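Please open the model in the viewer and colour it by confidence.

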Amino acid sequence: MREELEVELEEEEEEEDRKYIVIFFIISLLLLIFIVIGFTYSLYSGSISGNVQPIDPNPTNTPTPSKSPVPSTSPMPSDPVPSEEPTPSTKPSSTPKPTKPTVPQVNVVFNYSDASGSSSGISLKNASAISDVVGKKLMGEGNTFEFSVNGNVVSPKIKYYVLIETDVLSTLPSSDVKVYLTSKTGTGEVELRSDVLTVSELKDIQMNGKNYKVLYEKYIDKNTKFSDDYVLRMWIKENASDYYGKNYILRVDVLAEGVGE
């Protein structure tokens, strides 16, 4: 009986020893795994920190030395250098550029004639106030001013203006002076507008740095030759007052501009 008890005790001690050995083996294996993982991570971290450089948000011309040399990726002189995308501050503006005005290819000639052939206008001196009915029928020297506009339009379509300018020596107000323009034909004259306006009532325009009144305007198509003859009459309006001893001098000019295709 005693021998059997001793055998059982020895078997329990051997079983307990085997448990300790297994526990020790497991702990050793876990430690070995942790050591391998830690060593591998340290090698990976060292590789990352040694080859990848942080990007400087504000690069300067002074190069920053790196811990490990990085091979240059600059292209050889014969290689094309890729163009950089424009930054928001250097991108071209989407605002359309202003277009240049169309310059008409046309030779417009303004010819005039009067009794003396010395001026491009008409004047009132020592004149009397008259009605529109009488003024439209004025004829002869000092009462009418005849002129012509002719040319050859190449491109583009144009609009020419018959303009009048009041001479600075005039003493009669333009609100007391009426003007009446007709077009001459082979059989007589054609009225261009039925109403008769004073100079002050005409439309204002500025051309070539000068201020004018628009007496008449006309469109001429491209590739067109034209010749227009006009007669201008001027008188003091019927209900004018305080015009005795005063004068009014008016000059005529013709200018053209391109208005499209």
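pLDDT is the predictor's confidence in each residue, from 0 to 100. This is a predicted model, in which local features need pLDDT of at least 70 and side-chain atom pairs count only at pLDDT 80 or more, while totals for chains, interfaces and linings use all residues. Residues are numbered from 1 along each chain as its sequence is written, and side-chain values use heavy atoms, with hydrogens and water left out.

Next select residues 43–78, where pLDDT stays under 50 and the model has six contacts (heavy atoms within 4.5 Å) beyond four places in sequence. Residues 98–106 also stay under 50, with 17 contacts beyond four places in sequence.

Now display the strands, which are DSSP runs (E, at least two residues) numbered from the N terminus. Mean confidence is lowest in strand 1 (residues 105–113), at 60, and highest in strand 7 (residues 197–198), at 96.

Turn to the open sheet, where five strands follow the order 2-11-4-9-8 with antiparallel pairing (at least two DSSP bridges between two strands). Strand 2 (121–125) and strand 8 (203–207) stand at the edges with a single partner strand each, so one side of each is left without a neighbour in the sheet. From one strand to the next, the twist averages 40 degrees (between lines fitted to C-alpha atoms, with angles from 0 to 180 degrees between N-to-C directions).

Within this sheet, select strand 4 (residues 157–166) and strand 9 (residues 210–220): seven bridges join these antiparallel strands. I164 stands opposite K213 in strand 9.

Terms used
Helix = DSSP H or I, 4+ residues; strand = E, 2+ residues; numbered from the N terminus.
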